[in-house]
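Try each task before you read its solution.

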Amino acid sequence: MLSDKEKIRYSRQMMLQDIGETGQLKLKNSRVLIVGVGGLGSPVSLYLAAAGVGKLILIDQDKVELSNLQRQILYKVNHLGQSKVRAAAKTLQALNNQIEVHVVEQLLTSDNADDLFCQVDLVLDCSDNFDTRYLVNTLAKKHRIPLISGAAMQQQGQLAIFPNDSALSPCYACLFPKVKQDSVQNCSTLGVMSPILGVIGSMQANAAINGLLGKSLDATFIQFNGETMAQQQFNLTKNSRCDVCQEQ
């Protein structure tokens, strides 16, 4: 049940016809894994915490650096040098002390991933490298957990939703087949306009809340251009030659 304080806290959200008290209880009982608490993980975790998602598991091995503060809105100057997940947990608990925040101060690997994926209802990929993205995708497909993946570089953003609710559901590797990367392409090497991360991260959080409320998630890919404000949306289908899908 919701406490009186929770009813007041989430009152504006519960006014929505498709949420109400029943939907808010679904969020309270939900468990979400956020892989990476940097530029995308910051808005994702803030909005999910504010919305009352009952348990957030944060995994990231990095520490807060000065260059992070331009876009990673979870952190402040006094967090410099601290573990990102621990600093993030303090900020999120200060925002909402009625949820649980668990931290894993490690890189996601094949050794620790299975245990984490077994605990959650949905996973958000907010990482910044392809190795992690492919690992997250493989595990989400294996455990049939909805995956919401975001990416942002320069003034471009991408959102991809993979329901993983049937054998016909496409995966990240269907959209981006694994190939050898000649160079690392991320915010550190190409730069990024900070609000782009806020746009994509907010879209990830919104899609996650819809999924946790039981709304049907469609396999979708969205491109956002921060310079022109143009947005394109595409429906995704399974690639019959996808190595990941064939293994599951």
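**Exercise 1. Contact range**

Task: Among contacts between residues at least 6 apart in sequence, what percentage joins residues at least 24 apart?

Solution: Take the contacts in the protein between residues at least 6 apart in sequence. Of these, 66% join residues at least 24 apart. Note that this is a predicted model.

**Exercise 2. Overall build**

Task: Describe the fold content, then judge how compact the protein is.

Solution: Start with secondary structure: 11 helices and eight strands. Next, take the radius of gyration, 17 Å. The globule rule gives 18 Å for 248 residues, and the two values are close, so the protein is as compact as a globular protein of that length. For the dimensions, the C-alpha trace spans about 55 × 40 × 40 Å along its principal axes. Finally, 50% of the 248 residues count as buried.

**Exercise 3. Helix H3**

Task: Which residues of helix H3 (residues 20-28) are buried, and what do they pack against?

Solution: The buried residues are Gly-20, Gly-23, Gln-24 and Leu-27. Look down the axis of H3: they fall within an arc of 100°, so they line one face of the helix. These buried residues pack against helix H2 (11-14), helix H4 (41-51) and helix H10 (194-212).

Terms used: Residues numbered from 1 in each chain as written. Predicted model: local features only at pLDDT ≥ 70, side-chain atom pairs only at ≥ 80, totals over all residues. Heavy atoms only, no water. Buried < 20%, exposed > 50% of the residue type's maximum accessible area, 1.4 Å probe, protein only. Helix = DSSP H or I, 4+ residues; strand = E, 2+ residues; numbered from the N terminus. Arc of directions from axis to C-beta. Contact = heavy atoms within 4.5 Å. Rg over C-alpha atoms; globule rule 2.2 N^0.38 Å.
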